[in-house]
Amino acid sequence: TREQIKARKSSLPREPLHVPELGDEPLYVSKMTSASRDKFEAMVNQGVVGRVNLENIRARFCTLVCVNDKGEKLFTDEDSEWLGEFDTDVIQKIFDVGARLNGISASAVEDAAKN
């Protein structure tokens with residue numbers, strides 16, 4: 001039934017990630033919900049077939065996959081602006097884990113632009 005399916009909604013898999021540049025405590029990188037994945041794809045193509053917007057994409061992606069130890073989002077969409085100011089190696093560490101957990105590759109970004 002609808003209620004049985006709704007009750008099965010579970011917490012998303014997440015991995016702790018130690019990023020020394022951000023402090024001693026790990027942050028967690030999570031698998032995205034279906035809605036978050038759609039939001040990511042919309043970020044990339046802005047709803048226009050064939051268009052690819054990669055501006056600050058790593059930091060924007062981090063706002064979708066970074067959570068605390070309880071699985072609650074750490075960042076808002078607006079936080080991507082200051083996250084984008086971090087050293088590329090810091091953000092790339094987070095992006096790489098998030099991309100792996102969510103099956104996102106360079107070709108996935110290209111596919112998002114086509115859809």
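Which residue forms a salt bridge with Arg-37? Glu-41 does, with the closest N and O atoms 3.3 Å apart. The legends below describe this pair and other close-up views.

The model is predicted: local features need pLDDT of at least 70, side-chain atom pairs count only at pLDDT 80 or more, and totals for chains, interfaces and linings use all residues. Residues are numbered from 1 along each chain as its sequence is written, and side-chain values use heavy atoms, with hydrogens and water left out.

**View A. The salt bridge between Arg-37 and Glu-41.** A salt bridge is a side-chain nitrogen of Lys or Arg within 4 Å of a carboxyl oxygen of Asp or Glu. Arg-37 and Glu-41 lie 4 residues apart in helix α2 (residues 34-45), so about one helical turn separates them. Helices (H or I, at least four residues) and strands (E, at least two) are DSSP runs, numbered from the N terminus. Arg-37 is partly exposed at 23% relative accessibility, and Glu-41 is also partly exposed, at 24%. Buried means under 20% relative accessible area, exposed over 50%, and partly exposed in between (1.4 Å probe, protein chains only).

**View B. The salt bridge between Glu-15 and Arg-100.** The N to O distance is 2.7 Å. This pair links distant parts of the chain, 85 residues apart: Glu-15 is in strand β1 (residues 14-17) and Arg-100 in helix α5 (residues 88-101). Glu-15 is partly exposed, with a relative accessible area of 25%.

**View C. The salt bridge between Glu-21 and Lys-93.** The closest N and O atoms are 3.3 Å apart. Glu-21 sits in the loop between β1 and β2 (27-30) and Lys-93 in helix α5, so the pair links distant parts of the chain, 72 residues apart. Relative accessible areas are 45% for Glu-21 and 31% for Lys-93. In the whole structure, the search finds 5 salt bridges.

**View D. Packing of α2 against helix α3 (residues 57-65).** The axes are 10 Å apart, at an angle of about 165 degrees (axes are lines fitted to C-alpha atoms, for helices over the stretch in contact, and angles run from 0 to 180 degrees between N-to-C directions). That makes α2 roughly antiparallel to α3, a term for angles over 145 degrees.

Technical notes:
Parallel < 35°, antiparallel > 145°, perpendicular 65-115°, else oblique.
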